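I set out to record, entry by entry, what I looked up in this structure. The sequence and the model come before my notes.

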Amino acid sequence: MFQPYYSGLVAISSFRPLAASAEVAANQLRAKASWEQVFDQIILFGPYEKRLASPITIFVACDNCPAIALLLYCASQQQEPTCILNADIVVASHLKDIL
């Protein structure tokens with residue numbers, strides 16, 4: 001019988017500074033809130049941002065926008081299923097059931 005996957009999911013992303021635009025901030029905050037319900041660890045490339053911080057979020061300092069190759073390298077180092085997301089992508093709360 002099918003067993004849903006319920007632990008260990010990792011999300012990796014970079015983000016635009018929230019001060020850049022109210023619309024960008026709203027979209028990224030809404031997306032991040034959806035990630036908190038699904039992922040067990042979130043790795044964000046960029047400077048520490050208090051409004052995106054959480055106990056499961058790790059910030060990786062980098063200059064400007066990191067290359068996708070860097071995000072892929074980070075993903076390859078994870079032991080759990082990992083995905084790379086745009087910072088404004090809202091995920092469904094049943095994502096683990098889909099996996």
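Which residues form a nonpolar patch on the surface? I found Ile 68, Leu 72 and Ile 84, with about 280 Å² of accessible area together. Patch residues have over 30% relative accessible area and no salt bridge, with like charges joined within 9 Å and nonpolar side chains (Val, Leu, Ile, Met, Phe, Trp, Tyr) within 5 Å. A salt bridge is a side-chain nitrogen of Lys or Arg within 4 Å of a carboxyl oxygen of Asp or Glu. Accessible areas come from the Shrake-Rupley method with a 1.4 Å probe, and for residues only the protein chains shown count as cover.

I noted the sources next. The model is predicted: local features need pLDDT of at least 70, side-chain atom pairs count only at pLDDT 80 or more, and totals for chains, interfaces and linings use all residues. Residues are numbered from 1 along each chain as its sequence is written, and side-chain values use heavy atoms, leaving out hydrogens and water.

I then turned to helix α2. Ile 68 lies in α2, residues 68-76; helices (H or I, at least four residues) and strands (E, at least two) are DSSP runs numbered from the N terminus. Ile 68 is exposed, at 59% relative accessible area; exposed means over 50%, buried under 20%, partly exposed in between (1.4 Å probe, protein chains only).

The buried residues of α2 are Leu 71, Cys 74 and Ala 75. They cover an arc of only 100° around the axis, so they are on the same side of α2; the arc is that of the directions from the helix axis to the C-beta atoms. Ala 69 and Tyr 73 are exposed on the other side.

Last, I looked up Leu 71, which is buried at 5% relative accessibility. Not counting residues up to four places away in sequence, Leu 71 touches Ile 12, Ser 13, Phe 45, Pro 66 and Ile 84 (contact: heavy atoms within 4.5 Å).
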